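Hello,

Here is the structure you asked to look at. Please open it beside this email and follow along; my notes come after it.

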Amino acid sequence: MNKRLRTSVVVLGLTVLIGGVITVIQSQTFANEIKTEVKVTGDSKTSVTKTETKATDDSNQLSPERKKELTHLAQSKQPHVLLTEHGDFYPVKVPNKYQSDQVANLDNKGEEITSKTKQAILRNFTYEKKEEEN
């Protein structure tokens, strides 16, 4: 029993040690590091160059095509709800007909949601205010 306990403690300790080493190595991969390269020709040092590698943002690693694609997706997907100071507007598939003063087309400049607004249009998606039931 004593030998099994000692073996399991040693195995557990080595597992934790290896996990810690892997974590440190991975964090150092993304950290700022300074490398010094020395070129040696024969017995004499000919040049010393210093190279700095800095950690980069994930957003900087995206290609311009991927950034464009993500921007397009963000602008073409319909939000689940529009939260405004005049109430919450929820998406509808088949919009009801309202008078023009009760509809706010947010795609047009200058139009805003007011307390009379019952329907909002944003990026060609239609939203309607849910009436509170008393």
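How many residues does the hairpin use to join β3 to β4? The hairpin between β3 and β4 has 2 residues in its link. Before going further, please keep in mind that this is a predicted model.

First, the overall layout. The protein chain holds 3 helices and 7 strands. Going along the sequence, these elements come in the pattern α-β-β-α-α-β-β-β-β-β. The chain has 134 residues, and 11% of them are buried. Among the contacts with a separation of 6 or more, 38% are between residues 24 or more positions apart.

Next, the sheet. Five of the strands make an open sheet in the order β3-β4-β7-β6-β5, and the pairing is mixed. The strands at the edges are β3 (82-84) and β5 (103-105); each has a single partner strand, so one side of each lacks a neighbour in the sheet. On average, neighbouring strands here are turned by 25 degrees against each other, direction ignored. As background, strands of a sheet pair through backbone hydrogen bonds, and the pairing is either parallel or antiparallel.

β3 pairs with β4 (residues 87-91) in the antiparallel sense, over 3 bridges. In this pair, T84 is opposite G87 of β4. β4 also pairs with β7, again in the antiparallel sense and over 3 bridges. Here Y90 stands opposite E128 in β7, and P91 has Y127 of β7 as its bridge partner.

β7 (residues 125-129) deserves a separate look. Is this strand largely enclosed or largely open? It is largely enclosed by the rest of the structure, because 4 of its 5 residues are buried. Buried here means under 20% relative accessible area.

On from β7 comes β6 (residues 119-122), which runs antiparallel to β7 and is joined to it by 4 bridges. I121 is opposite T126 in β7. These two strands, β6 and β7, form a hairpin with 2 residues between them.

Last, the surface. Which residues make the nonpolar surface patch of about 640 Å²? They are V10, L14, L17, I18, V21, I22 and I25. One of them, L14, lies in helix α1, which covers residues 2-30. L14 counts as partly exposed because its relative accessibility is 47%, and partly exposed covers the range between the buried limit of 20% and the exposed limit of 50%.

That is what I have for now.

Regards

Note on methods:
Residues are numbered from 1 along each chain as its sequence is written. This is a predicted model: local features need pLDDT of at least 70, side-chain atom pairs count only at pLDDT 80 or more; totals for chains, interfaces and linings use all residues. Side-chain values use heavy atoms; hydrogens and water are left out. Patches are made of residues with over 30% relative accessible area and no salt bridge: like charges are joined within 9 Å, nonpolar side chains (Val, Leu, Ile, Met, Phe, Trp, Tyr) within 5 Å. Accessible areas come from the Shrake-Rupley method with a 1.4 Å probe; for residues, only the protein chains shown count as cover. A salt bridge is a side-chain nitrogen of Lys or Arg within 4 Å of a carboxyl oxygen of Asp or Glu. Buried means under 20% relative accessible area, exposed over 50%, partly exposed in between (1.4 Å probe, protein chains only). Contact means heavy atoms within 4.5 Å. Two strands pair if DSSP finds at least two bridges between them. Axes are lines fitted to C-alpha atoms, for helices over the stretch in contact, and angles run from 0 to 180 degrees between N-to-C directions.
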